[in-house]
Amino acid sequence: MLFLEMLLLIGLGWYGIREPLKKKWKRDLIVFIVLYLLAASILVTRTAGIQLPYLMDMVEAFVKGALRLSID
Amino acid sequence: MLSDKSKISGMQLMLMSACFLQAALTVIPLAVFASGRDVWLLLTISLALFLPFVLVYVKLGEMFPQSNLIQINEKVFGGLLGKGISALYLMYFLLDYMYNLAMPSGYMRTHFMIMTPEAIFALSFMLLVLWAAKNGAATIARLSIFSFSIGYLLVVIILLLLIEKFRPNHFFPMLDIPFRKIVSTVVIIIGKFLSEIFIFLMLLPRVEEKNCVKKALFVGVSLGCLFNIILGVISVGVLGNFILVQSAPFNVAVRQIELMNINSRIEILVVLLLFFSTFLKNSILFYALVVGAGSLFRLRSQKALLITLTLLPLSLVGLTVSSNPMQYQSGRNSLVFLGLFFHMLLPLATLITAAVRRSAEKQGGDGA
């Protein structure tokens, strides 16, 4: 599974970075690298067995905190 | 997609908006928690209350006919604040996309293929959505006629098959719930469900006939909500008070179908409904996400953006909600407030700010 995942990441990364690298589109390159690294780091972290928090739990905590702040 | 020049007609916009709301299959589980058997009535009341608000989206579209929501923010709020608000919108689009993606993949894993990783369903679904959105708004619009027809056809078939199980007394007494529960249900329905139609502010620049937008959105929202009202009526008519203890009342209602004592468990109809409707909704959400990111960062490469915006949700598959009941709880507790903020408050603030700026510019111009 880890091998397939690495293969997918490297393949997609190479396929996506080719065009902006060739045409020297700086902005595209920066956005691609940032988003790609974010996705890759989440994937690798999860494959390593580290449990990340659920999105909706974080959203719920944020909304509750914001509502409490606005009431206070 | 970033250079999407395709056009959609008023009729296609109407069907897309109807299909978008048809896909809100979580609205009944969310609303039934407080409203019980009055869910269908409160859906009707919410529709009547929300329809005038659609004028806010129509007016924004009229004031900025060639701009999507991200571009409108920059024009209205200026460079830095506009980009900040647009970035918030993009994060919300991603969250909404993840939430709606969890529905079909979670359902398949929970009810049919328990041992298969959720990522497999999510990836297959995402690739389909990617294909639809990549080909532009017109492709998604052309698919909407099928999604709309299949949705209503399936519901009519289910209604006919369940007619013998209907009990009119299940609907009475009506509105026998505390007023605060009526208000909370209406807020959930409007905040999480109906006002999600704001996403069409990303598609309005693609509409060819600008004078049809108001009628298309009004009729589309009504048809989409009517679909869910029918689902509510079916669920209540068959289940009655049992609806209160069901996390997926429509599924349970459909399980009551018996065809000549040979076929029961015709939930496959529900699965078909789920896939057709959520496919279109997710395509529109993904299209909005990619076009929004392209507009915000002024990107030129479509391929790179498509890859990263598919990879990111894929990496988060299975991390959206811990379980189906938690999905409904999150929808009730947190997404409603986020929805009210992003779907209604921000667009209204944008409209007011735009109107004030225009009037100030006009006065300044007249003075000069």
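# Chat on a two-chain model

Me: Leaving aside neighbours within four places in sequence, which residues is B:Phe200 in contact with?
Reply: B:Phe200 is in contact with B:Ser17, B:Tyr57 and B:Leu217. Two residues are in contact if their C-beta atoms, placed from the backbone, lie within 7 Å.

Me: What kind of model is this, and how are residues and chains labelled?
Reply: This is a predicted model, in which local features need pLDDT of at least 70 and side-chain atom pairs count only at pLDDT 80 or more, whereas totals for chains, interfaces and linings use all residues. Residues are numbered from 1 along each chain as its sequence is written, while chains are lettered from A and ligands numbered from 1 in the order in which they are written.

Me: Back to the core: which residues touch the most other members of the largest nonpolar core?
Reply: They are B:Ala31, B:Ile140, B:Ile189, B:Phe200 and B:Leu289, in a core of 125 residues. A nonpolar core is a set of buried Ala, Val, Leu, Ile, Met, Phe, Trp, Tyr and Cys residues joined through C-beta atoms within 7 Å. A residue is buried if 20 or more other C-beta atoms lie within 10 Å of its own, exposed if 12 or fewer, and partly exposed in between, with C-beta atoms placed from the backbone.

Me: How many residues of helix α2 of chain B are buried?
Reply: The count is 9 of the 9 residues, 27-35, so α2(B) is largely enclosed by the rest of the structure. Among them are B:Leu30, B:Ala31 and B:Phe33. B:Gly36 follows α2(B) and has a positive phi, near 65°. Helices here (H or I, at least four residues) and strands (E, at least two) are DSSP runs, numbered from the N terminus.

Me: And B:Met16, buried or exposed?
Reply: B:Met16 is buried, with 28 other C-beta atoms within 10 Å. B:Met16 belongs to helix α1 of chain B. Not counting residues up to four places away in sequence, B:Met16 touches B:Ile140, B:Ala141, B:Ser144 and B:Ile284.

Me: At what angle do the axes of α1 and α8 of chain B cross?
Reply: The axes of α1(B) (residues 10-22) and α8(B) (residues 137-162) cross at roughly 55° and come within 8 Å. Axes are lines fitted to C-alpha atoms, for helices over the stretch in contact, and angles run from 0 to 180 degrees between N-to-C directions. The two helices are therefore oblique to each other: angles under 35 degrees count as roughly parallel, over 145 as roughly antiparallel, 65 to 115 as roughly perpendicular and the rest as oblique.

Me: What about the handedness of that crossing, and the residue classes in the contact?
Reply: α1(B) passes α8(B) in a left-handed crossing. A crossing is left-handed if the near helix is turned anticlockwise from the far one by less than a right angle, and right-handed if clockwise. The residues of this contact divide into 8 nonpolar, 5 polar and no charged. Ala, Val, Leu, Ile, Met, Phe, Trp, Tyr, Cys and Pro count as nonpolar, Asp, Glu, Lys and Arg as charged, and the others, Gly among them, as polar.

Me: How do α5 and α6 of chain B cross?
Reply: The axes of α5(B) (residues 69-77) and α6(B) come within 7 Å and cross at roughly 150°, so the two helices are roughly antiparallel. Their crossing is right-handed.

Me: Changing topic, how many residues does each chain bring to the contact between A and B?
Reply: Chain B gives 25 residues and chain A gives 25 residues. On the side of chain B, the largest share, 7 residues, comes from α13(B). By class, that side has 14 nonpolar, 8 polar and 3 charged residues.

Me: What does A:Phe32 touch, beyond four places in sequence?
Reply: A:Phe32 is in contact with A:Gly16, A:Ile17 and A:Pro20, and also with B:Ala304 and B:Thr308. A:Phe32 lies in helix α2 of chain A and counts as buried, with 24 C-beta neighbours inside 10 Å.
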